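Please look over the sequence and the 3D structure below. Then read on for a short report.

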Amino acid sequence: EGSSPLGRIATVFRAGKARDSVSLDGGKEQVAIYVKKGEMASLIGVTRALRDVYEVVAQPQSGSSVISYDASEPLRGAIRSLIEAGFLAACVTIFVLWFFLRRMRDTLLVTAAIPLSACVTFTLLGGLRIPLDMMTLSGLAVGIGMVVDNAVIVLSSIHGVTGQQPEAAAILGGRRVGMAIVASTVTTVCVFVPVLFLTPEMRLL
């Protein structure tokens, strides 16, 4: 038992880690810094914060520096396209509702569910600090579609009630289809529950 210097049984020296990759720019080697976000962090938020730091740190006298790749750019473009498609879908939805309902008041009532549900969803996302990405926006689109469908069903049920005051007809009509709407909504939610257990890489697919 006892201790012995490591140098007596081995050769000890300082050495750098062997390079396994090289970053080139115009055929010249460069120093590359790669930043990876956390699982629950917002990609757009991280890149925005990095650009703010870059504008302060990257001074001209410290040498040339460029941002060679920004992973948030494709996501920004996809979000813009999704928002434009959502706006177009909302316009088409209004026209379709008016075409079948033939009553502007009913059309406006159902249409009001779209911005209301979107505002509530964005408020919850902000409160829970859930990042806004393609997955959340796609889920929002599916959710708004379900809200519009349920609103049309409830409205049709209310119009089917006769001989009652408007307030009583609204309550009675809602009760008639309430359980059916809840069952349909819960079933759709259960279909998407397995997505919560996917890895971040699989969610991107």
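**Ground rules.** This is a predicted model, in which local features need pLDDT of at least 70, side-chain atom pairs count only at pLDDT 80 or more, and totals for chains, interfaces and linings use all residues. Residues are numbered from 1 along each chain as its sequence is written, and side-chain values use heavy atoms, leaving out hydrogens and water.

**The whole chain.** The protein chain has seven helices and two strands. Helices (H or I, at least four residues) and strands (E, at least two) are DSSP runs, numbered from the N terminus. Along the sequence, the pattern reads β-β-α-α-α-α-α-α-α. Of the 205 residues, 16% are buried. Buried means under 20% relative accessible area, exposed means over 50%, and partly exposed lies in between (1.4 Å probe, protein chains only). The chain exposes about 16100 Å², and carbon and sulfur atoms supply 65% of that area. Accessible areas come from the Shrake-Rupley method with a 1.4 Å probe.

Contact means heavy atoms within 4.5 Å. Among the contacts with a separation of 6 or more, 49% join residues 24 or more positions apart.

**Two helix pairs.** Axes are lines fitted to C-alpha atoms, for helices over the stretch in contact, and angles run from 0 to 180 degrees between N-to-C directions.

| Helix pair | Axis distance | Angle |
|---|---|---|
| α5 (residues 134-159) and α6 (residues 166-192) | within 8 Å | roughly 155° |
| α3 (residues 104-111) and α4 (residues 113-128) | 5 Å | about 10° |

Start with α5 and α6. Their axes cross at roughly 155°, which makes α5 roughly antiparallel to α6. Angles under 35 degrees count as roughly parallel, over 145 as roughly antiparallel, 65 to 115 as roughly perpendicular and the rest as oblique. The crossing of α5 and α6 is right-handed. A crossing is right-handed if the near helix is turned clockwise from the far one by less than a right angle, and left-handed if anticlockwise. Residues of α5 in this contact include Val 142, Met 146, Asn 150 and Ile 153. From α6, the residues include Gly 173, Gly 174, Ile 181, Thr 185 and Thr 188. By class, the contact has 10 nonpolar, six polar and one charged residues. Ala, Val, Leu, Ile, Met, Phe, Trp, Tyr, Cys and Pro count as nonpolar, Asp, Glu, Lys and Arg as charged, and the others, Gly among them, as polar.

Now take α3 and α4. They pack at about 10°, and are therefore roughly parallel to each other. Leu 109, Val 110 and Thr 111 of α3 meet Ala 113, Ile 114 and Pro 115 of α4. This contact has five nonpolar, one polar and no charged residues.

Is Asn 150 buried or exposed? Asn 150 is buried, with a relative accessible area of 18%. Asn 150 belongs to α5. Leaving aside residues up to four places away in sequence, Asn 150 touches Ile 181 and Thr 185.

Thr 111 is part of α3. Its relative accessibility is 14%, so Thr 111 counts as buried. Beyond residues up to four places away in sequence, Thr 111 touches Ile 94 and Leu 97. Thr 111 and Leu 97 lie 14 residues apart in sequence, with 8.5 Å from C-alpha to C-alpha.

Thr 188 sits in α6. At 24% relative accessibility, Thr 188 is partly exposed.
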